[in-house]
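Dear colleague,

Please find below the structure I promised to hand over, followed by my notes on what was found in it.

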Amino acid sequence: MLDRVDATTRNFLLRCSVLRSMNDVLLTRLTGEDNGQQQLEELERQGLFIHRMDADGEWFCFHPLFANFLRQRCQWELAADLPDLHRRAAQGWLDQGFPAEAIHHALAAGDVEMLRDVLLQHAWELFHQSELSLLEECLKALPYEKLIQNPRLALLQAWLAQSQHRYSEVNTLLERAEHEMHVQKIEIDGVMLAEFDALRAQVAINDGRPDDAERLAVEALKHLPISSYYSRIVPVR
């Protein structure tokens, strides 16, 4: 099928194939061309397997079989360019306010620095949207030494265990994080320690230890600001 198009169009399609859905902003980011949507519309008229996803005609996708075919060809023909293409796609999605899609591409690029930066900006937003599996995948891909450089990511890892009913892992994760941060002289401020204690209070509730839960909760509330509404829910239950 690609033999029916010229070399420029072939390259355009292969670059676009890293996207699961696309609009003009993403097409420009991936291809460097300002008329990406016009090209897609023309290819659609020529009978290629391109679908419009919305009534306004701003979003497009390839038919699943065609998309898989293009991605395979892209892996063969543009293998050296793939990490950069995924980084471009990630930034394009971030610019439009879609962090989950950006994470998909940061993972595909194998760019742990970008992945960490996206998580630092958007992880808790995604957590509250119940994107738990995606966040688990991210934290597994992130080297532990990078994770503990920011205590909020260590806290996120423990909250993911709590939210998925892996209660026995929570204290172990928190203790390991505190130990590693102490060894590496990474500062944990009073608010973050209170966040840790608030989660430990929840674990104590789960374990049927109300006295420990109350002690941890009282200590946490001394330091948690009003803005930490999620953690404050636990101590005041």
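**Contacts between domains 1 and 2**

Between domain 1 and domain 2, the count is 8 residue pairs in polar contact, both residues being at pLDDT 80 or more; a polar contact here is a pair of N or O atoms within 3.5 Å, where within protein one must be able to donate a hydrogen and the other to accept it, and where residues adjacent in sequence count only if both atoms are side-chain atoms. On the side of domain 1 that touches domain 2, the elements that give two or more residues are helix 2 (24-31) and helix 4 (64-77), helices being DSSP runs of H or I with at least four residues, numbered from the N terminus. Helix 2 gives the most to that side, with 4 residues.

Please note that this is a predicted model, in which local features need pLDDT of at least 70 and side-chain atom pairs count only at pLDDT 80 or more, while totals for chains, interfaces and linings use all residues. Residues are numbered from 1 along each chain as its sequence is written, and side-chain values use heavy atoms, with hydrogens and water left out.

The domain assignment of the protein chain gives domain 1 (1-79), domain 2 (81-134) and domain 3 (143-236), with bounds that come from an automatic or database domain assignment. The C-alpha centres of domain 1 and domain 2 lie 21 Å apart, and 15 residues of domain 1 are in contact (heavy atoms within 4.5 Å) with 16 residues of domain 2. Together the two domains bury about 1400 Å², 59% of it on carbon and sulfur atoms, where buried area is the accessible area (1.4 Å probe) that two parts lose on being put together, summed over both. Of the area that domain 1 buries against domain 2, V18, R20 and R29 supply 40%, more than any other three residues.

The structure holds 20 salt bridges, each defined as a side-chain nitrogen of Lys or Arg within 4 Å of a carboxyl oxygen of Asp or Glu. The count between domain 1 and domain 2 is 2; R29 also forms a salt bridge with D95, with the closest N and O atoms 2.4 Å apart. E77 forms a salt bridge with R10, where the corresponding distance is 2.6 Å, and this pair links distant parts of the chain, E77 lying in helix 4 and R10 in helix 1 (residues 7-16), 67 residues apart.

With best regards
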